[in-house]
Amino acid sequence: QSMDSHLEQIALRPKEFFRTYDIEVLTEMQVAAVDIKNKTAIFKDGLKMEYNKLLIATGNTPKALSCKGKEVENVFNIRTPEDANRVVKLATSKNVVIVGASFLGMEVAAYLAERAHSVSLVELEEVPFKKFFGERVGRAVMKMFESNRVKFYMQTEVSELREQEGKLKEVVLKSGKVLRADVCVVGVGAVPATGFLKQSGINIDSKGFIVVNKMMQTNIPGVFAAGDAVTFPLALRNNKKVNVPHWQMAHMHGRIAALNMLAHGMEINTVPYLWTAMFGKSIRYAGHGEGFDDVVIQGDLDELKFVAFYTKSDEVVAVASMNYDPIVSKVAEVLAAGRTIRKRDVE
């Protein structure tokens, strides 16, 4: 993925598509509340719009840093193509500090590594992706980054952003280290953008996620939700309610929700699948590894040619690979067929 892309290049549909199919698109509008009794969405500017069926797909809001100097210029959450373009421009041949070894943080670090003068990454955990990929895979990825000139400052956080003439100059860490910085990218997680639904009567869990069933329907008839802001029952983990903020999942959610809004009676039954590319190497991942208690690795981590099976008690719940195709797709097919892969099958 390129941080130089413009909106037209990455839009999923051209403007003509919406015109052709008589879809009205309202931009720069914000819904402030949903009135389920009167089936109305109430906008911030007072406009009211009635609905027969409603889909809520508001996604996430990035978490901000809470340190001193957070309002300094040239500190970004990357939300739009414009943000990404601006970061690339400011970072070229300059010093970049990235806060958070998240997917966003690591992908940005990889993209800027050959363009910037220096890239430093600050993270609270001891290894990037530890919760997601496990310690051993996380370390292998970290070594790949270090051999591409990315410097890690682990198990610490930012205590202050210092400016000079209003612009970012230095990032001070809790460890006392001071990093030179012309631009800072913050990737420390996100929270569901569901605050406006608090009084609506639509069921929201303790973390702010909208709770839906297999039809992507909320507890309110006619009101559906999809994407990063929801938890939904995942067939492959005994219908445990999960949040999976990936591209493929959002597509699938939207599709299933639309079919059910048209009364087609479709249940979601898909295997989460994601991929990411860093330094020309792609990592593929399928399943839902949350709460894994062991990792079975085949291949060579140092050579970045491996497959990792994530197991919980005796069952494979997820798989990740690098330069080991097509194993992840194969595993996804087996899981999609409703079959269980046991730990002994992969050992």
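Mentor: Helices (H or I, at least four residues) and strands (E, at least two) are DSSP runs, numbered from the N terminus. By that rule, residues 273-344 are 17% helix and 50% strand, and the end C-alpha atoms of the span lie 23 Å apart. This is a predicted model, in which local features need pLDDT of at least 70, side-chain atom pairs count only at pLDDT 80 or more, and totals for chains, interfaces and linings use all residues. Residues are numbered from 1 along each chain as its sequence is written, and side-chain values use heavy atoms, with hydrogens and water left out.

Trainee: What makes Val328, Val331, Ala332 and Leu335 of H8 count as buried?

Mentor: Buried means under 20% relative accessible area, exposed over 50%, and partly exposed in between (1.4 Å probe, protein chains only). Val328, Val331, Ala332 and Leu335 are buried in H8.

Trainee: Why are the buried residues of H8 said to line one face of the helix?

Mentor: The arc is that of the directions from the helix axis to the C-beta atoms. Seen down the axis of H8, the buried residues fall within an arc of 105°, so they line one face. The face turned away from the buried side of H8 carries the exposed residues Lys330 and Glu333.
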